Amino acid sequence: MAEIQTQLPAGPTTHLKLDQDGAIKRSLIAVIALYLIIALALPLYVMLSKSFTTYSFDLTRYEFQVSDEAGNWGDPVTAAALNDSLNIASKADLGTSSDGRFTAVDLFPNFNFRSKVKYRIRGLVPDAPYLVGLDLQNSMEWNELDSNTFRRVSLRPVRDIGFTNYRTYFSTPSLFQSIENSIFIAVVSTILTVSIAFGFAYAMNRSLMPFKGTFRLIATMPILVPSLLPGIALIYLFGNQGLLKDVLMGESIYGPIGIIIGSVFFTFPHALIIISTALAISDQRQYEAAESLRASRWRTFWTVTIPGARYGLISAAFVTFTLVITDFGLPKVIGGQFNVLAVDIYKQVIGQQNFEMGAVVSVMLLIPAIAAFVVDRMVQKKQVSLLSARSVPFQPKKNPRFELICLLWCGLVALFILSIIGICQYAALVKFWPYDLTLSLNNYDFDRMDGGGWDSYYNSIQLGLLTAVIGTSIIFIGAYMVEKIDGFKTGRSLFQFLAMLPMAVPGMVLGLAYIFFFNNPSNPFNFIYGTMAILVICTVTHFFTVGHLTALTALKQIDREFEPVATSLRQPFYKLFTRVTVPVCLPAILDISIYLFVNAMTTVSAVVFLYSTKTNLASIAVLNMDDAGDIAPAAAMGMMIFYTNAGARILHTFISRRILTRTQAWRTR
Amino acid sequence: MIRKTSILLSAFAAVLMSTSALAETELTVYTAIEAEDLQRYADAFNADHPDIKINWVRDSTGVVTAKLLAEKNNPQADVVWGLAATSLLVLKSEGMLEPYAPKGLDKLKASFKDKDVPPSWVGMDAWVASVCFNTVEGEKLGLPVPTSWKDLTKPVYKGHVVMPNPASSGTGFLDVSSWLQIFGEADGWKYMDALHENIAAYTHSGSKPCKMAAAGETAIGISFAFRGAKSKAAGAPLEIVVPEEGIGWDMEANAIIAGTSKLEAAQTLIDWTITPKAMTEYNVGYAVVGIDGIAKPVEFFPDNIEAKMIDNDFEWAANHRSAILEEWAKRYDSKSEPKS
């Protein structure tokens, strides 16, 4: 480099030469982009193509020959010709699932199993599967059968590509009804959650009410439990043996009511954080202007407060909508007969082994999730331009009556959250609800239940730690590459797109896509199927986006001058990265890792398709124990997850504080 | 105490196995046997065959079946021990089972083995439908104890009956397929139409209705007898009703997966699973086992159960499964009325 500079005069255009440093950086970003392609893009592509894989009976592939009672054979005739002449099965009837059967005697209206007539069947092409009884046959040789055996012959479907699955989906009312159900639930829950969270956030930011710290602590509790837990709590509160059953006045908690109450519980903290941030940045000067214009409080609220927070409200609404519509645990536990999309995927895949239909429902679920995501991104872009450097932070004034209302509102919300968690702990300790209410630890004897026992709990902790460590490294290095390297523009924007995509992909869809992609013997990554590795990869990918955004925000705070300075001092970038970037961003890095840990402990949707007997997880155990009717042990395991996450949170706060005082001294003067 | 002994036993077995480590074969066995029985069965087997180590892969019937089907072209299991016969029939129709006539086959009841020679699967014990009735809730709500399937359609039970969804639960499917066999197809569907009016919920798993009845969450749960007996033993106020028209059943059955590289060990295991000794182990929880004259009454099990078991046509059920489920889903899968 030095030689070049001596030879050339300084000019305005300099071409960035790829030095060794740049090569390392580019290969690093390539590795992480490759990770996202393998762990996200390819599985989704395979799933999409799976939804077009159809099964149908191809009658042209079979030929029959029938004898008379004396045993003289007639002319061979194909199944298709028989069907055409008799009009037995329409084209739609021939479409089926991979498990379909077509009874051969349906093509012979005069069939009688007592007659002496004999039948022959053969395939006309090498792939023409049929069953005699339950024995799979697939041969081009004639197979001769007497009448009584021939009635046990059924044709099997062959694979094809087309839109049949989608046609079946939309002609099955019980399936497409779920779209309406899912949207209904999501819209109602969103309206409720955003209103409640707005009230809570308003009280926290705009009043001088006491106990703010306590309320803030309680408000974030729902993040620490799997979404299955509020479902279980609602059964104990409002189920047929529930403590507060009469409150529902005869309505059943199993169904939309239960799903909506539970959804409000588990989405509340997410909405609260977003709305709180929006309310916190409001400008004192606007309120002073309103006051000097003698606007009433009510008018000020609608013309200043709400418009100021509108982007936060919209964003909170879309986040809540996505969380509810993609959630699987809650409707599974308390949905009763009210079908929603996420549960349909599970039912199709686990219940009926109809993987193709599962893929179709996944596509249906992907559409609203992506739509919500796109709108949210557009809104968020506008939010940034709203901030102004001259803003003066809002200072709430004393107003006892207002504070009392705030206290009541927050008190009610806190009571709701605490009673959901409290009832689970109580139910977990009761011997035999509702007939024997003495306390015991029987329900913690997980080894005697379905779901994998205590091992699943330790597996979950292992998954949480691995996800936190590996995920944080991948996410942070990826974000660093996007933010801090020069050139390579297309690669970087492709990477940015891939990094944002997981936010829009529901967990159920990701999990199913992983089955299709990784459980394929010809895939070189097939060996990770059924191991802890696939669970870690899936979880990291599932929660990639939030971590990525957190890391980007932190990196943006570091001056871009650091990189050129390091280069001019001939320091390799990794030295800068480890000596400056990582220490400066340590709070963000810790935030990302606790976020990944907590979510790995509570996630159900993606991993439900991927766990194996050796890698059972605590959250899955909650699901399976509830499924088997062991509701109290399910509550007990759910509470174990809660305590573990709470412990991790406390540890995180403690470590953060210590590290902050040691490494972030530069922040204070 | 029992747990302690079993730990001791398995420790003992482990010592035995380590001494014969050279001759040891490991078998990957897929199963849906209840978690609490698994170790006991393995210990009993290892007492006779310490040289074969069993690596269990356990999950619910639906999941194990899905797993086996998914691995169709690349099987990971050597043996299936304790999976619903209807599931094994599906595997057989995919050509995934290795036919084998185990020693002692002739002692097995005729209904407990595949009719082909050599058979592709052999049964171990029967798993029979029953109705769990919560007597405390029944009294509170003024419900009489039902004695037949038809009773359950009476208006008095409206909203008090829970049954498993046949699409996701093996128990649910055996109920539906048995009603179609008992009442005939047309009347069977008519029966389910009437029953649907009384159903409060269709659950995903087959044991849940009985556990819900045990907890009083519902008054009546259509489930299976084994579950009812267990809950009753745990102190639930249950009466286990065997409907008089007859009851559907399935069996837990065993088979060798075609393509296993450890055929000899797999055959040894299958031989053992139908010995009288194995049957005695199954009898601890199940009242009906594969060999006549072995079973002793099981506590809290209804005693007339074997007489009430219908002559179940497994082949018919397996080959009509997808058509039955499609029809069922069309009629009942959504609480809200289908829009046309």
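## A buried helix in chain B

A residue counts as buried if 20 or more other C-beta atoms lie within 10 Å of its own C-beta atom. By that rule, B:T61, B:G62, B:V63, B:V64, B:T65, B:A66 and B:L68 are buried in α3(B). The model is a predicted one.

These buried positions make up 7 of the 10 residues of α3(B), so the helix is largely enclosed by the rest of the structure.

## Two domains of chain B

Chain B is assigned two domains. Domain 1 spans 2-126 + 250-296, and domain 2 spans 128-248 + 310-332. Taken over C-alpha atoms, the centres of these two domains of chain B are 28 Å apart.

Between the domains of chain B, 14 residues of domain 1 are in contact with 11 residues of domain 2. On the domain 1 side, α3 (61-70) and α4 (85-93) of chain B are the elements giving two or more residues. The most comes from α4(B), with 5 residues. By type, this side of domain 1 of chain B has 7 nonpolar residues, 6 polar and 1 charged.

## Where chain B meets chain A

The contact between the chains involves 48 residues of chain B and 40 residues of chain A. Several elements of chain B each supply at least two residues to its side. They are α2 (35-48), β2 (52-58), α3, α4, β7 (199-203), α8 (208-214) and α13 (314-332). The largest share is that of α13(B), at 7 residues.

The side of chain B that touches chain A divides into 18 nonpolar, 17 polar and 13 charged residues. Helix α3(B) supplies residues to this side, and α3(B) also gives residues to the side of domain 1 that touches domain 2 of chain B. The helix α4(B) likewise supplies residues to the side that touches chain A and to the side of domain 1 that touches domain 2.

## Chain A as a whole

Chain A has 669 residues, and 46% of them count as buried. The chain holds 26 helices and 13 strands. Its C-alpha atoms fill a box of roughly 105 × 85 × 55 Å along the principal axes.

Among contacts with a separation of 6 or more, 79% join residues 24 or more positions apart.

Technical notes
Residues numbered from 1 in each chain as written. Chains lettered and ligands numbered in written order. Predicted model: local features only at pLDDT ≥ 70, side-chain atom pairs only at ≥ 80, totals over all residues. Domains from an automatic or database assignment. Contact = placed C-beta atoms within 7 Å. Helix = DSSP H or I, 4+ residues; strand = E, 2+ residues; numbered from the N terminus. Nonpolar A, V, L, I, M, F, W, Y, C, P; charged D, E, K, R; others polar. Buried ≥ 20, exposed ≤ 12 C-beta atoms within 10 Å, placed from the backbone.
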